[in-house]
Amino acid sequence: MTQRNDPPSPVAGRSAIGARADRLVRRVLPRSLLGRMLLIGFIPLLVTQGISLELFYGNYLKIVSRRLSAGVVNNIAMTIDMMERYPAPADRAWILDDVHQRAQLLMTWREGESLARVGTNHVLGPVDDDLVRDLRGAIGRPTFVDWKRDRHIVSVFIQMPDGVLRVDTPRKRLDVAPVWLFVAWATGSALLLFCIAAFFMRNQVRAIRRLARAAELFGLGRDIDPIQPEGAQEIRKAAVAFNRMRDRIFRFVEQRTSVLAGVSHDLRTPLTRLRLTLAMLPREGEIRGEVLRPDIEDMIADVGEMEHMIEGYLSFARGEGAEVPSQVDVRDLLDEVAAGVRRIGMHEVTVSVPRRMEIVVRVAAFRRVLSNIVENARRHATRIWLSARQKRNSTVIYIDDDGCGIDESRRESVFRPFESGRDGGTGLGLAIARDIIHAHGGEIRLESSPSGGLRVRIIVPN
C-alpha cells in the first residue's frame, strides 16, 4: 500500500501565521491598561504629526524653495548676460552696482581666479539642492554655493572664462524658515499633548486600580470602606455599583447570621424539654401507654415546633433561590395573589392597575413576597387594596388595608428576624420579603394607609 501525502491545508497555514502574529503582538504590547491607553493615544498622534511634517516639507516648503531659488538664479543669469553683452569695465561696474541696488545681490568680480570646488555645502532642507539645480540649468557653468560662511548671507561662486563672479544674496531671499523650527514645534506639541493625555489617563487608571484593589480585599473577607466614586462616568457607575453590592452582601450576611443565631437559641428550649422528658421516662418495670401519652404528645409538639423553626430558617436562607428573572405583567401578578387570598375566605380584595405595566423579577419569589404581605393584612383587616403606579425609573406597588396598622416606632423592627406580632409565628415573613426585594435592587417600606390601616410600598427598578 502506498502512503498518501496530502499537501498542507491553506486554511491551516493561515491559522498558524495568524497565531504567530497574535503572539508577537501580545509580546510587544504593554501588559498594563495605562501602557496600552498611552500607546493608543501616542501612535495616532505620532502618525498625525508625521503626516503634517510631510505635507509641509513635501509640498509647501519645496514649492516655495523652488520659486525663491528660481527668482535669484534668474537675476544672476540676467546679470551675466548683460555683462557678456557689455564687457567694458565701466559698463560692467555700472551693471553690478545697479543689480545690487535693485535686486539686493552684491556681486564681486575676481579676475583671473578659478574655483577650487563645485557644488554646495549642504544644509537642512531642500533649498540647497533647488538652488544648485537651477544654477546648473540656467547658467550652465561650474558653480559653488557656500551656506556656512555667514549665517545671514549665501555666497554663490560662478566660474567665468576670465575669472570668478561672486554673488552674495541675503539668506532670507532663499530660505523661508528653518525646518528644524517646524520639527521642534511638531515634536514639542506632540510631547505636550502626550503628557496631558498621560496625566488624565493615569487618573482614570488609578480609579480602576482602586476599584480592583477593593474588590480583591472584599473577596478576601476584609471589611473595607465604601469606594469614593471618581474618574469617568463609567468608572463612577462601577464604583457606585460595587458599593451597592458590598452593602447588599453585608446585609445578607448579617441577616443570615442573626437568623442562624436566633434559630440556634430558640431550638434550645424544645431540645431542653425533650431532654427532660426523656430523662424522666421510666427505664424499668412495666410501661403503660396511657401514662406516657401526655409526654409523647409534648415531645411531638416540640419536634413540630423545631421543624417549623427550621423550615422558616431554610425558607429565609433560600431567599430568591436560583430562579431566573423573567418579564411579568404587574396586573396579572396582583390578580393571582388576590385570587389566592379570596379562596381562603377574604373576598374584599380590590386590584387597581390603570394600564399595562411589566417588570423583570424572579416571579415565584416575588409572588411569595406579595402573598406573605397580603396574608399578614388578611389577619388584621377586613378589606385589602392592591394597586400599582409607573414612575420614570421604577414601578411602585401598594398593598393597603383597613386594619390596626403598625406603630411608626415598630415599622423598622418588624423587618428583623423573629420579630413576630402573633403567637406561633416565626417572625421571618417580612424579613424574607425585604431580603427578596433587596435582591431585586428594590425597596420595601411600611407607611400609614389612606384607608386607616397599613400601607406596604414596594419599589422595583425598571
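Predicted model: local features only at pLDDT ≥ 70, side-chain atom pairs only at ≥ 80, totals over all residues.
The structure contains 18 salt bridges. One of them joins Asp329 and Arg356, whose side chains meet at 3.6 Å from N to O. Asp329 belongs to strand 6 (residues 326–329), whereas Arg356 is placed in the loop between strand 7 (349–352) and strand 8 (358–361), so the pair ties together parts that are 27 residues apart in sequence. The two partners are set in contrasting surroundings. Asp329 has a relative accessible area of 7% and is therefore buried, the limit for that class being under 20%. Arg356, with a relative accessible area of 58%, is exposed, because values over 50% fall in that class. The contact between these side chains is also part of a network of salt bridges that links Asp329, Arg356 and Glu358.

A further salt bridge is formed by the side chains of Glu336 and Arg367, at 2.9 Å from N to O. Here distant parts of the chain are linked, with Glu336 in helix 8 (residues 330–342) and Arg367 in helix 9 (residues 363–380), 31 residues apart. Glu336 is partly exposed, with a relative accessible area of 42%. Arg367 is likewise partly exposed, its relative accessible area being 29%.

A salt bridge is also found between Asp168 and Arg166, in which the closest N and O atoms are 3.0 Å apart. Both residues of this pair, Asp168 and Arg166, are buried.

Attention may next be given to empty space in the model. Rolling a probe the size of a water molecule over the atoms shows where such space is left. The second largest pocket has a volume of about 350 Å³. Its lining draws two or more residues from each of helix 6 (233–280), helix 10 (429–439), strand 11 (443–448) and strand 12 (454–461). The residues that line this second largest pocket are Arg244, Arg248, Arg251, Arg434, His438, Gly441, Gly442, Glu443, Ile444, Arg445, Ile459 and Pro461.

On the surface, a nonpolar patch is formed by Leu192, Leu193, Ile196, Phe199 and Phe200. Together, these five residues present about 520 Å² of accessible area. One member of the patch, Phe200, is located in helix 5 (residues 179–219).

How values were computed: Residues numbered from 1 in each chain as written. Heavy atoms only, no water. Patch = residues over 30% accessible without salt bridge, like charges linked within 9 Å, V, L, I, M, F, W, Y side chains within 5 Å. Areas by Shrake-Rupley, 256 points an atom, 1.4 Å probe, with all protein chains shown as cover. Salt bridge = Lys/Arg side-chain N within 4 Å of Asp/Glu carboxyl O. Helix = DSSP H or I, 4+ residues; strand = E, 2+ residues; numbered from the N terminus. 1 Å grid on protein atoms, 1.4 Å probe; cavity = no way out; pocket = protein on both sides within 12 Å on 5 of 7 lines; lining within 4 Å. Points joined across faces, edges and corners; volume = space filled by probe spheres on them. Buried < 20%, exposed > 50% of the residue type's maximum accessible area, 1.4 Å probe, protein only.
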